[in-house]
Amino acid sequence: MTEFWSSLLYLLGGMIIGGGLGYFFTRRMFEKQLKENPPINEKMIRAMFLQMGRKPSEAQIKQIMKSMGQ
């Protein structure tokens, strides 16, 4: 019976440690990706409009930023 409880304890300990390490490394990779590939900004929207041959107004840019949730 003691063997069962020690196995359960090791299993729970391993799951907690693995979850903590997984969270840490996933967070670190996510921050690295955001640093290398920043989310779209107003400058990128202006460039997109200019490539399409249009001159965007400030209201259009603000509307697009608002629709994207930024």
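The model is predicted, so local features need pLDDT of at least 70 and side-chain atom pairs count only at pLDDT 80 or more, while totals for chains, interfaces and linings use all residues. Residues are numbered from 1 along each chain as its sequence is written, and side-chain values use heavy atoms, with hydrogens and water left out.

Q: Why are α2 and α3 called oblique to each other?
A: Helix α2 covers residues 42–51 and helix α3 residues 58–67, and they pack at an angle of about 120° with their axes 10 Å apart. Angles under 35 degrees count as roughly parallel, over 145 as roughly antiparallel, 65 to 115 as roughly perpendicular and the rest as oblique. The two helices are therefore oblique to each other. Their crossing is right-handed (the near helix is turned clockwise from the far one by less than a right angle).

Q: What makes the contact between α2 and α3?
A: From α2 come Glu42, Ile45, Arg46 and Phe49, which meet Glu58, Gln60, Ile61, Lys62, Ile64 and Met65 of α3. Contact here means heavy atoms within 4.5 Å. Sorted by class, the residues are 5 nonpolar, 1 polar and 4 charged (Ala, Val, Leu, Ile, Met, Phe, Trp, Tyr, Cys and Pro count as nonpolar, Asp, Glu, Lys and Arg as charged, and the others, Gly among them, as polar).

Q: What makes Arg54 partly exposed?
A: The relative accessible area of Arg54 is 42%, so Arg54 is partly exposed. Arg54 also lies in the loop between α2 and α3, and Arg54 touches Phe49 and Gln60, not counting residues up to four places away in sequence.

Q: Why is the pair of Phe4 and Trp5 called edge-to-face?
A: A search of the whole structure finds 2 aromatic pairs. Rings of Phe, Tyr and Trp (its six-membered ring) pair if their centres lie within 6.5 Å; planes under 30 degrees apart count as stacked, over 60 as edge-to-face and the rest as tilted. For Phe4 and Trp5 the centres are 5.2 Å apart and the planes are at 70°, so this pair is edge-to-face.

Q: How do you know that the pair of Phe24 and Phe25 is edge-to-face?
A: Their ring centres are 5.3 Å apart and their planes are at 70°, so the pair is edge-to-face.

Technical notes: Axes fitted to C-alpha atoms, helices over the stretch in contact; angles between N-to-C directions. Helix = DSSP H or I, 4+ residues; strand = E, 2+ residues; numbered from the N terminus. Buried < 20%, exposed > 50% of the residue type's maximum accessible area, 1.4 Å probe, protein only.
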